[in-house]
Amino acid sequence: MDPALPKPSFNPNKHLKEEFVSNLSGSSMLEIAALTVTIPILVLIRHSITTLQFGTLKSSASLRKKNDDAPSGNRSFKAYLAMLSLDFLVIVVPMLLFFTVLADWTHVLASLFTILTLLYIVAKWSGGSSPVLEGEPNSLRAYITSYRVIVMIITVLCILAVDFRIFPRRYAKTETYGSSLMDLGVGAFVLANSLVSRQARNITSVNWKTAIVSISPLIILGFFRLVTTTGVDYQVHVSEYGVHWNFFFTLAAVSILTSFINIPPQYSGVFGSLVLVGYQFWLMHGLNHYLLSNERGADIISQNKEGIFSIYGYWGMYLIGVHLGNYLFFGSHSTAFRSSRWVRMRVWVLSILFWLLTVLLDRHVERISRRTCNLPYVTMVLADNLQLLSILMLADLIPGSKTSVLEEAFNRNLLATFLLANILTGLVNLSVDTLSASSITAVCILLVYAYVLSTVIGIADYFGMKLKFW
């Protein structure tokens, strides 16, 4: 009897691609901090470039905010695409180059950008140019929007770039311990959501039916990803979340905990810290050996141990983010923001304190581990994201716009952006041998991918289309 033929695969290089992103140790905290300097400065540069066309587009955009779902027919489509392309060239293209061909120049670029930014601020102030008014009501909202969009752009660029050899291995996710650019991804998503969550805005009375409706899309997307990746034999780094678990299940689990365990925002920071300290104590008394071991049992918990147990870390991080969002941005009000200057000073101080705490924990308690979402990992995510936000808030000292067309488009469709990026990433991986692509080919593919993604989301926003599940 003839032996059974092997099942044809959509992804013949699956195992090679899995090995390519396995057993990595990451970069240094200093390099991550340097990257977090250069990226937001790109956005500041774009905001400082003011034109008459952008003023017109911005005015029409502000009118549309009164009716967010209404098509913006009063804008010139050609002018809109031109501004979208300019945003892409100034923000996305340099960011992509920083992650690939310019990766070895990270520290030099960070130093150069810092010096030029400080000189620009001093020149504007000494020259008598008026900075943006401190009390402008929507300034903090604009900075939070820019922050959330930057997190998304970094994510969508890295999820495809990591499959090419031009992307430094030190930026890819670590196997056990260490810190890297991509390690910050899921933590940044959790923190970004917590800072502007209902809890942070003192809206704590949520009906359980409403909570289930808001969480169900994440669960559906989690199962959809599981089915599709299995169906096309897509590469999966099992030690990242487990055999069946994924990013969407983690977000859903955190949402379930925060919705059904209702903690006032003024106490959520203390409660979150207790959760993290208790979880860290558990890790140091044997749980970390279990989670970092390659051995897995047949039960569902053992198969997905990384994803399930790391929920404690992400939940603690979310609770601290709720407290910070309430303290920094909202206070006792659910809609009004605090003064920009008041927030900027505290964000800078908190970022420095969290970086110092991260160094101490990493050296004297346990090394940073995204896989377990331990306490040092949580403080690193807090430090890095607050640093990103603090640099964006320097826009108060730089004359210019507070936003751009690309940022507005991405902000109105963050979920659609992430889903489309995942679909495009899958299509590229199934149609291109990314491991064999030359550096030039890789950069070209990444640029086309990023431009298609930006253009599609931009056009959708132009015509008032918005992806909603509830």
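Reader: Helices here are DSSP runs of H or I, at least four residues, numbered from the N terminus. With that in hand, where is Ile219 placed?
Author: Ile219 sits in helix H8. Keep in mind that this is a predicted model.

Reader: What does Ile219 contact, leaving aside neighbours within four places in sequence?
Author: Phe249 and Ala252. Ala253 is 34 residues from Ile219 in sequence, and their C-alpha atoms are 8.9 Å apart.

Reader: Why does Ile219 count as partly exposed?
Author: Its relative accessibility is 31%.

Reader: Which residues make the nonpolar surface patch?
Author: Trp208, Ile212, Ile219, Phe223, Ile256, Phe260 and Ile261. The patch covers about 650 Å².

Reader: Which helices each supply at least two residues of the patch?
Author: Helix H8 (208-231) and helix H10 (247-260) do. H8 gives the largest share, 4 residues.

Reader: And where is the place of Ile261?
Author: Ile261 is in the loop between H10 and helix H11 (265-292). Ile261 is partly exposed too, at 35% relative accessible area.

Reader: Switching to charges. How many salt bridges does a search of the whole structure find?
Author: The count is 10. One of them pairs Glu175 with Arg371, and the closest N and O atoms are 3.9 Å apart. That pair links distant parts of the chain, 196 residues apart. Glu175 is in the loop between H6 and H7, while Arg371 is in the loop between helix H15 (340-364) and helix H16 (375-392).

Reader: Are Glu175 and Arg371 buried or exposed?
Author: Glu175 is buried, and Arg371 is buried as well.

Reader: What about Arg344, which side chain does it meet in a salt bridge?
Author: Asp396, at 2.9 Å from N to O. Arg344 is in helix H15, and Asp396 is in the loop between H16 and helix H17 (405-412). The two are 52 residues apart. Arg344 is buried at 7% relative accessible area, and Asp396 is buried at 0%.

Reader: Which residues do salt bridges with shared partners join into one network?
Author: Glu175, Arg296, Glu306 and Arg371.

Reader: OK, helices. Why call H7 largely enclosed?
Author: Because 11 of the 12 residues of H7 are buried. Among them are Leu184, Val186, Phe189, Val190, Leu191 and Leu195. Gly185, Gly187, Ala188, Ala192 and Ser194 are buried as well.

Reader: How far does H14 reach, from its first C-alpha to its last?
Author: Helix H14 (residues 311-330) reaches 26 Å, close to the 28 Å expected for its 20 residues. H14 is mostly covered, with 17 of those residues buried.

Reader: What residue follows H14?
Author: Gly331, with a positive phi near 65 degrees.

Reader: Back to the loop between H6 and H7. Is Ser179 buried or exposed?
Author: Ser179 is buried, at 5% relative accessibility. It sits between helix H6 (139-161) and helix H7 (184-195).

Reader: What does Ser179 touch, not counting residues up to four places away?
Author: Ser25, Gly26, Ser27, Ser28, Met29 and Ile32 are on the list. Arg170, Thr174, Ile368 and Met380 complete it.

Reader: Where does Asp87 lie?
Author: Asp87 is in helix H4 (residues 77-99), and it is buried at 0% relative accessible area. Beyond four places in sequence, Asp87 touches Arg46, Val92, Ser404, Val405 and Leu406.

Reader: Last one. How many disulfides does the structure hold?
Author: The structure holds 0. Among the cysteines, Cys158 is buried at 3% relative accessible area, and Cys444 is partly exposed at 43%.

Key:
Residues are numbered from 1 along each chain as its sequence is written. This is a predicted model: local features need pLDDT of at least 70, side-chain atom pairs count only at pLDDT 80 or more; totals for chains, interfaces and linings use all residues. Side-chain values use heavy atoms; hydrogens and water are left out. A disulfide is a pair of cysteine sulfur atoms within 2.5 Å. Buried means under 20% relative accessible area, exposed over 50%, partly exposed in between (1.4 Å probe, protein chains only). Contact means heavy atoms within 4.5 Å. Patches are made of residues with over 30% relative accessible area and no salt bridge: like charges are joined within 9 Å, nonpolar side chains (Val, Leu, Ile, Met, Phe, Trp, Tyr) within 5 Å. Accessible areas come from the Shrake-Rupley method with a 1.4 Å probe; for residues, only the protein chains shown count as cover. A salt bridge is a side-chain nitrogen of Lys or Arg within 4 Å of a carboxyl oxygen of Asp or Glu. The expected span of a helix is 1.5 Å times one less than its number of residues.
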